Amino acid sequence: ILEDNIQEALVITKEPLILCGLGIAKEVFLKLDPNATFIDFSKDGQQIMAGVSIFKIKAKCLALLKGERTALNILQRLSGIATLTKKFVKKAKGITIMDTRKTTPGLRIFEKYAVTYGGGMNHRFGLFDGILIKDNHIKAAGGITQAVKSVRQKLSSRNIEVEASNLNEVK
């Protein structure tokens, strides 16, 4: 394939989805061909039916071939997260759906972005932005009450969340 061979590609959905990751996917191609141009037919957060064109790209053929799998993987993963989140949000009927910080290594910021486009909310980005007392902490402290007291003594101004395994623990 000649270096200056310019081609066009069209990205089309195979199934219904909530689109997410369009800008990130486009950046993949721009890294490979800074002169790539795009025509957007959709935007992140839109519900798209199967068989609909999302965007068209005009770029060096080598850039299209090198970047297509990465760009499509990003679009598929983030759109999948947004779509599944939207399903949970609809079923929850007014209950806030939140994500976890347990995400794919290196993709946390993107996956949390996708949750918001599905109508969910971000919980925590890391250990630095909240206190979560889990079952192993409760056991080590000798119970929920003791674990909470210990944390409050050291970090009184931070929100504390406690994982409970039954209603009795909640009480």
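The lining of the second largest pocket comprises six nonpolar, three polar and four charged residues, where Ala, Val, Leu, Ile, Met, Phe, Trp, Tyr, Cys and Pro count as nonpolar, Asp, Glu, Lys and Arg as charged, and the others, Gly among them, as polar. The model is predicted, with local features needing pLDDT of at least 70 and side-chain atom pairs pLDDT 80 or more, while totals for chains, interfaces and linings use all residues. Residues are numbered from 1 along each chain as its sequence is written, and side-chain values use heavy atoms, without hydrogens and water.

This second largest pocket holds about 230 Å³ of space, a volume being the space filled by probe spheres set on grid points that are joined across faces, edges and corners. A pocket is an open set of points on a 1 Å grid over the protein atoms alone, where a 1.4 Å probe fits, with protein on both sides within 12 Å along at least five of seven lines, and its lining residues have an atom within 4 Å of a point. Of the 13 lining residues, Ile 81, Thr 85, Asp 99, Thr 100 and Val 115 lie nearest the centre. H2 and helix H3 (108–117) each supply at least two of the lining residues, helices being DSSP runs of H or I with at least four residues and strands runs of E with at least two, numbered from the N terminus; H2 gives the most, with four.

The largest pocket holds about 390 Å³, and among its 15 lining residues Ile 12, Thr 13, Lys 14, Leu 17 and Gln 76 are the closest to its centre. Strand S1 (6–12) and helix H2 (61–92) are the elements that give two or more residues to this lining, with H2 giving the most, seven residues. By class, the lining of the largest pocket divides into seven nonpolar, five polar and three charged residues.
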